Amino acid sequence: MVSPARTPAGCGVAVRARRGEGMKTIGWGIIGCGDVTEVKSGPGFQKAANSRLVAVMRRNGELARDYARRHGVPKWTDRAEAVIEDPEVDAIYIATPPVAHQPYTLMAARAGKPVYVEKPMARSFTECQTMIETCRAANVPLLVAYYRRALDRYLKVKEIVDTGLIGQPRAVTVALYRRHLPAPPGQVDWRVAPALWGGGRFVAVACHTLDFLDYVLGPIRGARGLAANQAGLYQAEDIVAAAFEFDSGVEGTGLWWFTSPVTRDCTEILGTQGRVAFSSFDESPIMLHTGTEMTQFPIPNPPHVQQPLIQTVVDHLNGVGRCPSTGETAARTTWVMDQILASYYGADP
């Protein structure tokens, strides 16, 4: 099985601070100011240093205007083109469903605007490659919202592994079980619509864990899986079992079940001298087991979980740092999910 090429992170830097003039304040435009931008990300663009939120877009103009009013954003529109073409907007944040990630990324790149796109990066690895190539040709950065790469609680897990507290990593297990939560009456749950999302809830949530494992243990070189729809509640898969292997030789397994009668969220990295366990979606303490000792690390998330990563994005655009989540790293995660779901969807969902 051939894994995607490992290319250098980033696609260039389109916005840089001029020597002697200090850091540039990056003006942001949001395409798709929906629920994810209310608390998780939107305020981060206003609170990060050297960053401001200039304009927001949503296809429903009234909702865009309401968002702008509540968040103190100067401009709103129902046209993505208006945000991208705005001379006060230096960079674009794409927070739409994944079906629109590729077209809006290409549009922004061709306008010379750096892109920060929600996860998963796209519906397939093929779409990711097109996004990377277009941004590279336009010499604009392409960065992705895998924000666990900048959160203290997950950096603690990486520190535990990097400093050898569990010895040499040898294996990983992932267990995520969720109860089925139907969409409210009259609403469609697009997270289980493969044409919009590239799969079902597995794609929506497994990407976070798989990307973070890539950050801690390095790229996954091979993956395979079995997926099924056991409950028949929607078109997408509702249970996925997977096996994967890292370039480092670490072996991994995972089970994601979305019509479970119980809930569970535990990822465990096992090494030659211990193990570390953590959750992907709640704030339960990190658990470090070494010999007969067990240590807990209760580390809460900040109010706006994307703000730490957004700060690395702003610094990246100013040429004074590197964002740890690039198009290249994010595409690897999409490639892994494509391999795992291949038996269910074929080449592409």
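A crossing is called left-handed if the near helix is turned anticlockwise from the far one by less than a right angle, and right-handed if it is turned clockwise. Hi everyone, I start there since handedness will come up with each helix pair today.

Some housekeeping. This is a predicted model, where local features need pLDDT of at least 70 and side-chain atom pairs count only at pLDDT 80 or more, while totals for chains, interfaces and linings use all residues. Residues are numbered from 1 along each chain as its sequence is written, and side-chain values use heavy atoms, with hydrogens and water left out.

Let's turn to helix packing. Two packed helices are described by the angle between their axes and the distance between the axes. Here the axes are lines fitted to C-alpha atoms, for helices over the stretch in contact, and angles run from 0 to 180 degrees between N-to-C directions. Helices (H or I, at least four residues) and strands (E, at least two) are DSSP runs, numbered from the N terminus.

My opening pair is α8, residues 201-217, and α10, residues 327-345, whose axes lie 9 Å apart at an angle of about 125 degrees. That angle makes α8 oblique to α10; on this scale, under 35 degrees is roughly parallel, over 145 roughly antiparallel, 65 to 115 roughly perpendicular, and the rest oblique. The crossing of α8 past α10 is right-handed. On the α8 side, the contact uses F202, V203, C207, L210, D211 and D214. Facing them from α10 are T329, A330, R332, T333, V336, M337, I340 and L341. Contact here means heavy atoms within 4.5 Å. Sorted by class, this α8 and α10 contact has 9 nonpolar, 2 polar and 3 charged residues. For that sorting, Ala, Val, Leu, Ile, Met, Phe, Trp, Tyr, Cys and Pro are nonpolar, Asp, Glu, Lys and Arg are charged, and the others, Gly among them, are polar.

From α5 we have F125, C128, I132 and R136, and from α10 we have G327, E328, A331, T334, W335 and D338. The class count for α5 with α10 is 5 nonpolar, 2 polar and 3 charged residues.

Now back to α8 for its pairing with α6, residues 152-162, where the axes come within 9 Å and cross at roughly 35 degrees. This crossing is right-handed. Y154, L155, V157, K158, V161 and D162 of α6 meet F212, Y215, V216 and L217 of α8. That contact divides into 8 nonpolar, no polar and 2 charged residues.

As for M121, leaving out residues up to four places away in sequence, the residues it touches include H101, C128, M131, I132, A330 and T334.

Most residues other than glycine have a negative phi, and most peptide bonds are trans. In this model, the bond from K119 to P120 is cis, with omega near -15 degrees.

Is S124 buried or exposed? S124 is buried, because its relative accessible area is 6%; buried means under 20%, exposed over 50%, and partly exposed in between, with a 1.4 Å probe and protein chains only.

Two asparagines have positive phi. N50, in the loop between α1 (42-47) and β2 (51-57), has a phi of about 60 degrees and is partly exposed at 27%. N139, in the loop between α5 and β6 (142-144), has phi near 60 degrees and is partly exposed at 46%.

Last stop, two exposed loop residues. R59, between β2 and α2 (61-71), has a relative accessible area of 75%. T292, between β13 (286-290) and β14 (293-297), is exposed at 85%. Thanks, everyone!
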